[in-house]
Amino acid sequence: MTKQIIKRKRPPLVKSSTRPINVVHVLILLGYALIVVVTPNFLALDPNGPKFLSLSLLNLCSFIFLLVRNNPSSEPGRYGLFFRNRIGLAYTLFLGVGLLSFTKAINIPEAILTFVKYFTVFSATYILSVILSFDRRYFRLIVIVMASLLLIDCFTVFYYISLYISKVIPSIIEITSVYSNKNILASAIFVKIPFALWLYTFEKRWLKIFGLCVLLCSFLATFYMSTRAFY
């Protein structure tokens, strides 16, 4: 007697013609994309504090919305999809290693703070994976927004470089934009480059040209910053 093996199927991504775009999902995705850039410093000692606080609040609101609007019991596969792929498992393992680091922590309060940051980003990644599983069009929206933010960062660098050439600012160290220092600004530019590369590789017509222009601007801006991110 042979046993019948039942394979679990991944929840299908909704096609663009079967369901209209959920406005709340779009607002949540835009919130995640913009929160690091538009969150003000509030004159805090740690400029990352307000950003992680805002991200935590957005995580909480998004999680409550997903629980109220979409019953997880009706679609258990969709909510567990993140933990059934290699990237999700690797990210979960990374979170577990961070939790185990408490056994060797020298400064317990600092270790707790660091783990809370890990968990905040992990929660945001999980919520994004759940929302993106509903409709693949959301991913395209994220790519366009992040590439646009990358272009804004590049123009900010070009503007401050012109001020430096005109001797309005004494050094390129003053180029920080909304970030803490120029190294973080250069890193913020660097980590957004894959979004522009995706547009240039997979899109067509004006979006492909837009991706190429953003790529060239990002390379030039990173070069001007003279930081480790350039290498």
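A residue is called buried when its relative accessible area is under 20%, exposed when that area is over 50%, and partly exposed in between, with a 1.4 Å probe and only the protein chains taken into account. By that rule Ser-62, at 1% relative accessibility, counts as buried, and this residue lies in helix H2. The structure is a predicted model, in which local features need pLDDT of at least 70 and side-chain atom pairs count only at pLDDT 80 or more, while totals for chains, interfaces and linings use all residues. Residues are numbered from 1 along each chain as its sequence is written, and side-chain values use heavy atoms, with hydrogens and water left out.

The protein chain holds eight helices and zero strands, where helices (H or I, at least four residues) and strands (E, at least two) are DSSP runs numbered from the N terminus. Read from the N terminus on, the elements therefore follow the order α-α-α-α-α-α-α-α. Of the 231 residues in the protein chain, 36% are buried. The chain exposes about 15100 Å², of which carbon and sulfur atoms supply 69%; accessible areas come from the Shrake-Rupley method with a 1.4 Å probe, and for residues only the protein chains shown count as cover. Contact means heavy atoms within 4.5 Å, and among contacts between residues at least 6 apart in sequence, 68% join residues at least 24 apart.

Once its neighbours within four places in sequence are left aside, the buried Ser-62 is in contact with Ile-28, Tyr-32 and Ile-127. Together with Leu-60, Ile-64, Leu-67 and Val-68, Phe-63 makes a nonpolar surface patch of about 490 Å². Patches are made of residues with over 30% relative accessible area and no salt bridge, like charges being joined within 9 Å and nonpolar side chains (Val, Leu, Ile, Met, Phe, Trp, Tyr) within 5 Å.

Leu-99, in helix H4 (residues 86-100), counts as partly exposed at 47% relative accessibility. The C-alpha atoms of Leu-99 and Val-116, which are 17 residues apart along the chain, are separated by 9.9 Å.

Helix H5 (residues 108-134) and helix H6 (residues 137-165) pack at an angle of about 125°, with their axes 6 Å apart. That angle makes H5 oblique to H6, because angles under 35 degrees count as roughly parallel, over 145 as roughly antiparallel, 65 to 115 as roughly perpendicular and the rest as oblique. The axes are lines fitted to C-alpha atoms, for helices over the stretch in contact, and the angles run from 0 to 180 degrees between N-to-C directions. Where the two helices meet, Ile-131, Leu-132 and Phe-134 in H5 are in contact with Tyr-138, Phe-139 and Ile-142 in H6.

A search of the whole structure finds two salt bridges, each being a side-chain nitrogen of Lys or Arg within 4 Å of a carboxyl oxygen of Asp or Glu. One of them joins the side chains of Arg-140 and Glu-203 (2.9 Å, N to O). Arg-140 lies in helix H6 and Glu-203 in the loop between helix H7 (182-202) and helix H8 (205-225), so this pair ties together parts that are 63 residues apart in sequence. Arg-140 counts as partly exposed at 38% relative accessibility, whereas Glu-203 is buried, with a relative accessible area of 12%. Another salt bridge joins the side chains of Asp-153 and Lys-192 (3.0 Å, N to O). Asp-153 lies in helix H6 and Lys-192 in helix H7, so that pair ties together parts that are 39 residues apart in sequence, and both Asp-153 and Lys-192 are buried.

Backbone angles come last. Most residues other than glycine have a negative phi. Lys-167, however, has a positive phi of about 65° although it is not a glycine; this residue is found in the loop between H6 and H7 and counts as exposed at 74% relative accessibility. Arg-205, likewise a residue other than glycine, has a positive phi near 55°; Arg-205 lies in helix H8 and counts as exposed at 70% relative accessibility.
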